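Hello,

Here is the structure we spoke about, with my notes on its salt bridges and one of its sheets below. Please look it over before you read on.

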Amino acid sequence: MPPFADHKDLYKTVDNIPIGGINWQSFKIQYSREKPDILADVPSWMSQQFDVWYRDPCEVACNILANPNYVNDFDYRPFREYSVSKEEHRYQDFMSGDWAWKQADILATDPDALGATFVPIILGSDKTMVSVGTVNNEYYPLYLSIGNVCNNVPTNEHKETEEFRDFQCQIFHSSLAKILETFKKPMSKPEVVCFGDGHYQCVLYGLGPYIADYEEQVLLTFVLLALHAEALCRCEAHREALFEEDTSDALRHDFGIVGSIVPFTNDFPHADIHQLIASDILHQIIKGCFKDHLVTWVEKYLHHVHGKREAEHISTCDRSHVPTDVIRMFRTFLEFCYLVQRNVIMEDTISQIEDALHRFHHYRSIFLWLGIVPTFSLPLPNGLCLSMTENKHIKAMKQPWCRSNRYNALGQMLVTNQTIAALAIELSIPNIQDLIGRFLFEQLHPHDPHDHATIPLDSFPIYDRKISVVNSTSSRFYAPSDLRLQIAHMLCFFSFKYMFVLYKCAIVHWFDVIGDAPDKDTGMWVVQLSFDGHSPNILVIHIDAIYCAAHLLPLYDVDFIPHAINFSNSLDKFRTFYVNKFANHHAFEITF
């Protein structure tokens with residue numbers, strides 16, 4: 001019996017779902033201050049009405065609270081957690097942080113708030129452009145969540161006048177204040193709300209962190225974009241004191257504050273926009289600091305030392321052409337980036353973050369000493385029919401294409417179905433059949449205590465039938481931090497059936513680790529291809545033994561790299577490599 005009688009029954013069921021279904025609302029907003037006396041001098045934006053669409057954020061928060069999927073992943077109160085071994089303060093979910101703890105202390109001073117559940121409101125916005133070329137349509141989507149749920153679970157163009165920029169800023173703040181106004185009352189007086197477990201509780205809402213990129217942060221804190229990052233480091237009391245002492249012009253020119261702007265937090269209790277701004281790791285640190293600053297500084301250094309023409313032929317990741325402090329600066333920067341992205345932050349992690357930041361500031365000074373930069377400013381189908389050949393296309397062309405890596409794919413497609421002998425010739429591995437035999441022995445006898453290297457080859461199973469070669473693969477993996485892994489060069493992925501069992505394998509050439517510690521300048525381990533005498537250390541392994549991809553950086557010499565060497569052959573041209581633990585956060589946690 002089908003689950004629904006017809007489409008009407010389906011729609012009725014969906015409409016009866018208790019969670020969701022919040023209606024969209026809208027309002028119009030426009031400029032309301034003084035306009036020029038001459039009508040021709042009035043810019044169009046002063047008379048234009050702007051539509052703002054939103055859903056009641058208080059109802060959105062209530063739906064999140066009432067969602068039964070969050071019952072087992074929900075924090076009802078701020079808490080502090082410590083490790084048993086080192087008695088370190090452990091930070092993971094939002095309610096384990098200091099801000100939530102301090103806010104609860106403030107709310108507890110109100111007798112009416114006693115026993116209520118504090119629900120921090122987390123906001124985020126980012127201007128987005130939905131069309132380019134004809135008319136640039138920009139929107140500001142606003143996103144909302146609450147801090148109690150555990151972690152595991154954005155017109156026409158106008159002249160950019162100072163007055164228009166102020167209007168853009170105020171219209172943004174006024175829209176936010178209007179959208180969030182339903183939170184005002186339950187921020188001061190507890191409201192009874194149904195939670196996901198079916199019980200009702202009193203809750204008090206509070207404005208929590210606002211996630212935004214640097215330009216949005218400037219918009220939210222009504223400071224001038226041209227100022228350095230310290231302009232964002234203010235507090236509400238400081239701003240109010242400045243308002244009492246200075247005029248709007250003085251505030252703008254001396255302190256970088258747009259004094260005519262009324263912030264959206266103005267009428268919300270315990271809300272200081274300067275304390276609610278959260279750091280934007282992607283735009284401010286990774287893109288802003290790394291791409292827009294560090295890489296640019298290195299390029300300036302290379303132009304300064306080698307000249308522009310020669311510098312264009314130098315790779316910015318070639319350590320032989322830059323001072324050691326530059327390499328160490330990049331290392332500490334990457335360490336900082338991955339440390340702050342950890343899911344769980346311990347007190348020791350905070351010490352590591354502070355140490356990485358201190359070392360970064362120390363090593364970056366090399367650019368100042370060399371005169372490369374004068375000052376630092378970081379933001380932060382039967383029969384004869386074409387269907388017969390079409391069916392063959394699937395097997396001979398389409399499936400092999402899907403298995404290829406799309407780079408010079410034809411050769412890969414032609415060798416998808418072949419014999420072991422052909423593969424041995426292609427890879428220059430004459431003993432490949434012996435390697436497959438050893439692999440089968442290990443799969444059939446996983447608990448054999450003997451050293452497989454000492455077992456005679458005639459004891460291994462013999463497989464000499466066809467195999468299927470796959471030239472690319474993808475995987476998903478979970479990366480704990482307590483594994484010690486080996487590095488290998490994947491020469492080939494293939495599969496075959498033996499005794500009705502499908503084996504998916506890879507041929508690998510192992511690497512040996514050089515030394516017993518990472519390179520002191522880069523913090524990365526160094527590896528080289530492994531050989532048994534003059535024979536490469538090659539093995540057939542099951543793909544389940546492959547944990548994740550590793551990024552290897554060649555160990556360059558002082559000579560320039562020939563143009564014939566590229567990403568497709570660098571593993572064959574070089575013998576020694578760095579294991580890049582900064583490739584992603586998984587690699588940072590598991591690399592040796």
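In these notes, buried means under 20% relative accessible area, exposed means over 50%, and partly exposed is in between (1.4 Å probe, protein chains only). This is a predicted model, in which local features need pLDDT of at least 70 and side-chain atom pairs count only at pLDDT 80 or more, while totals for chains, interfaces and linings use all residues. Residues are numbered from 1 along each chain as its sequence is written, and side-chain values use heavy atoms, with hydrogens and water left out.

Salt bridges

A salt bridge here is a side-chain nitrogen of Lys or Arg within 4 Å of a carboxyl oxygen of Asp or Glu. The whole structure has nine of them.

- Lys178 pairs with Glu181, with 3.1 Å between the closest N and O atoms. Lys178 is partly exposed at 32%, and Glu181 is partly exposed at 35%.
- Arg328 pairs with Asp521 at 2.7 Å between the closest N and O atoms. Asp521 is buried at 8%, whereas Arg328 is partly exposed at 24%.
- Arg342 and Glu589 form a salt bridge at 2.6 Å, N to O.
- Arg331, Glu335, Asp355, Arg359 and Lys581 are joined in a salt-bridge network.

Sheet

Strands are DSSP runs (E, at least two residues), numbered from the N terminus, and two strands pair if DSSP finds at least two bridges between them. An open, antiparallel sheet has three strands in the order β3-β4-β12. Its edge strands are β3 (81–82) and β12 (345–346). β3 pairs with β4 (residues 89–91) over two bridges, and Glu81 is opposite Arg90 in β4.

Regards

Terms used: Helices (H or I, at least four residues) and strands (E, at least two) are DSSP runs, numbered from the N terminus.
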